[in-house]
Amino acid sequence: MLHIEIDKDSGFCFGVVNAIESAEKELDAAGGDILYCLGDIVHNSLEVECLKNKGLLTVNHGQFNQLHGQKVLLRAHGEPPETYRRAKANHIEIIDATCPVVLKLQRKIHACYERTHAQNIQIVIYGKQGHAEVNGLVGQTSGTAIVIEKREDLDLLDFTKGICLFSQTTMSLDGFREIVAEISRRKPNGVLFESYDTICQQVANRLPGIKKFASRHDRVYFVAGEKSSNGKMLYQECLKANPHTVFISGPGQITEPLPAGILHVGVCGATSTPKWLMEEVAAQIRKINGCR
């Protein structure tokens, strides 16, 4: 008999829940009026589509700059200072749903920049180049921070100058530790190096749990949006724990019955994956395999 388990610890993190609740509250109060959101509220196209049907209209930065006198929600990823300056100039009312963890990190990086920029110290951010959160973090340094995605990117640094290292909140803790170790190895003695583990603990704490979850199933379906940085990271961890892990974005990608002998199937996801979507995936597995 086929047994399907949904990981109880997967699903929206606090920051995403707060952003979506803020959007729904504003939409309910707006009585049918459009609420703008700067960028996808969450890196999950199906959840974005659901909120669009309720009146949430996603705009990019170019479109945002053309708005005047509107109400705009800022998602959990956060924004650079320039966004707030533009909003003030254009009389835009901001609904700020920046995740408190991200906001705290922004302030920490800005304080470090104010303290060190006159000393020509490099501020380095371990994160995804071009990611919305990272763009907001770089903005705290007047655009001077250096973004590092992988060990090879460390060639961008001048190891004769001081380094202050931070991390995007949704990166792998193991990856961050590798970057710290490599910088420590390559810098000369006497050169300043400060590293700050700024990975969200809610994200970090999911790693051991999701590995255990993946390892106890014959097949795992990891559900996340293609744009989700956290999804890509957690999927790789699932794959390490169970090579029979499949990345999908929705139930429509499951079209074939499971091979014979697979009795235990797990469904899990990223911090940007809604519970309802994982439930739909589980329902599709049952349907395709003739289960009630």
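## Helices H5 and H6

In this predicted model, helix H5 (residues 100–116) packs against helix H6 (residues 132–139) at an angle of about 30°, with their axes 8 Å apart. Helices here are DSSP runs (H or I, at least four residues), numbered from the N terminus. Axes are lines fitted to C-alpha atoms over the stretch in contact, with angles from 0 to 180 degrees between N-to-C directions. H5 and H6 are therefore roughly parallel to each other (angles under 35 degrees; over 145 is roughly antiparallel, 65 to 115 roughly perpendicular and the rest oblique). Their crossing is right-handed, a term for a near helix turned clockwise from the far one by less than a right angle.

Which residues in H5 meet H6? They are Val 102, Leu 105, Gln 106 and Ile 109, and they meet Glu 133, Gly 136 and Leu 137 in H6. Contact means heavy atoms within 4.5 Å. By class, this contact of H5 with H6 has four nonpolar, two polar and one charged residues. Ala, Val, Leu, Ile, Met, Phe, Trp, Tyr, Cys and Pro count as nonpolar, Asp, Glu, Lys and Arg as charged, and the others, Gly among them, as polar.

## Helices H9 and H10

Now for another pair: the axes of helix H9 (residues 206–215) and H10 come within 8 Å and cross at roughly 45°. That makes H9 oblique to H10. H9 passes H10 in a right-handed crossing.

On the H9 side, the contact is made by Leu 207, Ile 210, Lys 211, Ala 214 and Ser 215, while H10 brings Met 233, Leu 234, Glu 237, Cys 238 and Ala 241. Sorted by class, the contact of H9 with H10 has seven nonpolar, one polar and two charged residues.

## The largest pocket

The largest pocket holds about 380 Å³ of space. A pocket is an open set of points on a 1 Å grid over the protein atoms alone, where a 1.4 Å probe fits, with protein on both sides within 12 Å along at least five of seven lines; lining residues have an atom within 4 Å of a point. Points are joined across faces, edges and corners, and a volume is the space filled by probe spheres set on them.

Helix H7 (173–186) and helix H10 (229–241) each supply at least two lining residues, and H10 gives the most, with six. The lining has four nonpolar, four polar and nine charged residues.

## The second largest pocket

The second largest pocket has a volume of about 310 Å³. Of its 23 lining residues, the closest to its centre are Cys 13, Val 16, His 77, Thr 170 and Thr 271. H1 gives the most to this lining, with three residues. By class, the lining has ten nonpolar, twelve polar and one charged residues.

## Reading the model

Residues are numbered from 1 along each chain as its sequence is written, and side-chain values use heavy atoms, leaving out hydrogens and water. As the model is predicted, local features need pLDDT of at least 70 and side-chain atom pairs count only at pLDDT 80 or more, while totals for chains, interfaces and linings use all residues.
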